[in-house]
Amino acid sequence: MQTSLPGCVVIEPRVFADERGFFFEAWSATRHAEHGLPTDFVQGNVSSSARGVLRGLHYQWPNPQGKLVSVLAGEVYDVAVDIRRGSPYFGRWTATILSAENKRQMWIPEGFAHGFAVLSDNAVFQYLCTAAYDPAADASIRWNDAELAIDWPLATPLLSDKDARSPFLADVATDRLPAFLP
C-alpha cells in the first residue's frame, strides 16, 4: 500500500495461520518487485530494543541505503522522512505501526531518513538493506525536529548519545543530504 510519500510503501503479506502457528513469505523478489522494491539486498540486520527506546532518524549519505524493515517480536511506531533536496515532499514524513502481530513491512527508499519508537516491552527489528553499512556515510537528524513535527507516541524516549545530539534538518549541510532525482 502506497503511503503519503511516493516510493515509501507499506506491505501487508498474505498470512496463512492455523492452530499450529502461521506462515508468510517475508521476501520474494517477484512479489516485492510488483511494489517497486529492488531485488538486490546485500545486508540484513536485526536490533533488539526495550520499551521507550527511539532509534533514529538515521540515513547514509553519500552511500545511501534502501531498507525493507519489519518487526519479528513486539511493536514499533515506524517513521520515514523524505530528506531529498529538491523533492516536492522534502521534510514530510509518514508513519505506520509495525508489529509481530500485523507482520507488515515498510520500504524506506534511498534518500529517506528512518526511525522507530518501541511501543511494546521489547521489540526485535529486522532491516534488509540495499547497500552495506558505511560508517563514513552514517548520518542522522534530530528525532524531535520541530520543523518536521513528527507525531511520536513517546514524549521522553530513551535515546543513544548520537541520536540525542543529531542536528536539526535545517542545520545539515546541503552536500550531506541526498538530491531528488525526478
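Which residue in β11 is the bridge partner of Val 71? The legends below take up this point and then move to other parts of the model, which is a predicted one.

**View 1. The open sheet and the order of its strands.** Five strands form an open sheet in this predicted model, and they follow one another in the order β1-β9-β6-β11-β4, with antiparallel pairing. Strands β1 (9-11) and β4 (43-50) stand at the edges, and because each has a single partner strand, one side of each is left without a neighbour in the sheet. From one strand to the next, the twist averages 25 degrees.

**View 2. The pairing of β6 with β11.** Strand β6, which covers residues 67-73, runs antiparallel to strand β11, which covers residues 122-129, and the pairing extends over 6 bridges. The opening question is settled in this view, where Phe 125 in β11 is the bridge partner of Val 71.

View 3. Two or more residues of the lining come from each of the elements β5 (54-60) and β10 (112-118), and β5 gives the most, with 3 residues. Sorted by class, the residues of the lining are 6 nonpolar, 5 polar and 1 charged. As a general point, empty space left among atoms is shown by rolling over them a probe the size of a water molecule.

**View 4. Two cis peptide bonds, from Gly 56 to Leu 57 and from Trp 61 to Pro 62.** Gly 56 and Leu 57 are joined by a cis peptide bond with omega of about 10 degrees, and Leu 57 belongs to strand β5, the element that gives the most to the lining of the largest cavity. The peptide bond from Trp 61 to Pro 62 is also cis, with omega near 20 degrees, and Pro 62 is placed in the loop between β5 and β6.

**View 5. Positive phi values at Lys 103 and Ala 149.** In the loop that lies between β8 (93-99) and β9 (105-108), Lys 103 has a phi near 60 degrees, which is a positive value in a residue other than glycine. Lys 103 counts as buried because its relative accessibility is 11%, and the cut-off for buried is under 20%. Ala 149, which is not a glycine either, has a positive phi of about 55 degrees, and Ala 149 is found in the loop between β12 (138-140) and α2 (161-165).

View 6. Is Thr 130 buried or exposed? Its relative accessible area is 15%, so Thr 130 is buried. A polar atom of the Thr 130 side chain lies 2.7 Å from the backbone nitrogen of Gly 66, and the side chain of Thr 130 also makes a polar contact, at 3.5 Å, with the side chain of Glu 110.

Note on methods. Residues numbered from 1 in each chain as written. Predicted model: local features only at pLDDT ≥ 70, side-chain atom pairs only at ≥ 80, totals over all residues. Heavy atoms only, no water. Pairing = 2+ DSSP bridges. Helix = DSSP H or I, 4+ residues; strand = E, 2+ residues; numbered from the N terminus. Axes fitted to C-alpha atoms, helices over the stretch in contact; angles between N-to-C directions. Nonpolar A, V, L, I, M, F, W, Y, C, P; charged D, E, K, R; others polar. Buried < 20%, exposed > 50% of the residue type's maximum accessible area, 1.4 Å probe, protein only. Polar contact = N/O pair within 3.5 Å; in protein donor to acceptor, adjacent residues only side chain to side chain.
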